[in-house]
Amino acid sequence: MALSAAIILAAGEGTRMRSSKPKVLHELAGKTFLERVMASVSALDPETLAVVVHYQAERVAKAAQSYNEHVEIVQQDDIPGTGRAVQCAMKQLDSDGQLTGPVLIAASDMPLLDTATLDALLAFHKASGNDATVLTANLEDPTGYGRIIRDSDGSVLRIVEQKDANSSELAVHEINTSVYVFDAAVLARSVQGLDSQNAQGEFYLTDALESARKTGKVGALAASDALSVEGVNDRVQLANLSRKHNLRICERWMREGVTILDPETTWIEDDVELAQDVTVLPGSFLQGHSTVAENAVIGPYTTLIDAQVEAGATVERSRVQESHIGTDANIGPWTYLRPGNRLEEGTKAGAFVEMKKAHIGAGTKVPHLSYMGDAELGEHTNIGGGTISANYDGVHKNRTHIGSNVHVGAGNLFVAPVEVGDNVTTGAGSVIRHAVPDDSMVYSENTQHVVEGWKPEWER
Ligand code: UD1
Ligand code: MG
């Protein structure tokens, strides 16, 4: 069923987060609440997608526009409350009073709200012929939520906020998720009569449901997945929800054939792709659009950010960002790969090695304590411990080229830009400033001086 409009409420400050950042810009698994809710709602293809802003309005509006360029921004005025937010939205979306069809309303502090849940709500709304339908959930602990109050025949009467509820109302476990579908005309009418005669002195959207009942048919659908409608009001709830969401993702991958030794300490974001027989060891963070191919072993204590790891590679106690790790490559422990590296098949980057924009040819090894920045290394080359590409002259970043089958001695310094050919051997401690031809040996003077019988001053 086509949606005439979707209204996402994002004007609140979220005081209980105790943050300088608006609540809806906090993140769960690498994406803001607002981005998540907007994505789920956008998938229903509403004719208008509106986001209501007020607290740090410009910042929230800018974020919303970055997630969906067609979003319509509604400014809520200084009058507080979810009901006021919808009044402001309807004033803008239905200025001529001609809006028809179903309108979806959703709070944006429910980061796991998914399209399947919204689809079910819409389908139910249509099938039941309701003028207003609220999405509810049955929670073991309903504390903090508005309660759904039903008639003795089961029909929905109204919603009572926690702060306005009496003891029998507080005993209700069915809660308001803050997701609704209203017929446009009924919504326009219902939000008109709101007042702020309640414990919080706010215009409650929940009261619109009771008004809708006076002229039309209202109903409720209980969400089948309680996690998808869980609201976040403080950071304790955020941590709990993040953990539950992460556990779900880990379990999905385990069922797909990934070994995860400890899901409690393994954090996998939504867009990560893992192949069969990948192993993820404890303390690992797999983020962004990272992909890991068959039989690769990630961790322990490894962070992948938008990284591609090919089959059979191992990445132990390392951080890899926007880099490609070839088949059977061996990374770590304690390797730091900054953006832009490509390590080909069978390469090695060892302990305390840092790389940035480096291309490491197949079979080449950088095993110990080295920095390769803006470097191009051929195949089957070995870099001695403590070797540095001096890529930055204070103004420009310059590239170092080292050929194939090169043996670089320990403690070399390549002063870029510089080119070293194939089949070269370099002496330990060399400072390479000029081009070195193929099939040669190069070393630089480093005179050793011995002063016999010398003693430190205090011993003299
Ligand atoms: C609200 C519901 C409550 C429900 C709960 C579900 C009301 C009165 N209460 O309470 O019944 O159980 O959500 O999580 O609706 N917002 C605005 N403008 C405002 C105030 C809030 O746009 O003036 C937005 C917020 O940014 C947020 C959403 O509305 O996305 C809900 O606001 P919040 O303050 O979290 O309401 P709750 O107290 O959780
Ligand atoms: Mg809330």
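Mentor: A nonpolar core here is a set of buried Ala, Val, Leu, Ile, Met, Phe, Trp, Tyr and Cys residues joined through side-chain atoms within 4.5 Å. The model is a predicted one. Its largest nonpolar core has 46 residues, of which Ile 268, Leu 304, Val 309 and Met 355 touch the most other members. Two or more residues come from each of α8, β28 (353-356), β32 (375-377) and β38 (418-420), with α8 giving the most, three residues. Take Val 309 as an example: leaving aside neighbours within four places in sequence, Val 309 is in contact with Thr 291, Val 292, Ala 293, Ala 296, Ile 298, Leu 304, Val 315 and Ile 325.

The magnesium ion (ligand 2) is coordinated by Asp 109 (OD) and Asn 233 (OD1), at 2.1 to 2.4 Å. Asp 109 lies in the loop between β6 (102-107) and α4 (115-128), and Asn 233 in the loop between β11 and α8 (235-255), so the pair ties together parts that are 124 residues apart in sequence. Asp 109 and Asn 233 are both buried.

Strand β11 (residues 218-222) leads on to β7: the two run parallel and are joined by five bridges, with Thr 133 opposite Gly 219 in β11. β7 also pairs with β10 (residues 174-183), in the antiparallel sense and over seven bridges; there Asn 138 stands opposite Glu 174. Of the seven residues in β7 (132-138), six are buried.

How values were computed:
Residues numbered from 1 in each chain as written. Chains lettered and ligands numbered in written order. Predicted model: local features only at pLDDT ≥ 70, side-chain atom pairs only at ≥ 80, totals over all residues. Heavy atoms only, no water. Buried < 20%, exposed > 50% of the residue type's maximum accessible area, 1.4 Å probe, protein only. Helix = DSSP H or I, 4+ residues; strand = E, 2+ residues; numbered from the N terminus. Pairing = 2+ DSSP bridges. Donors = N, O, S within 2.8 Å, 3.2 Å for Na, K, Ca; no water. Contact = heavy atoms within 4.5 Å.
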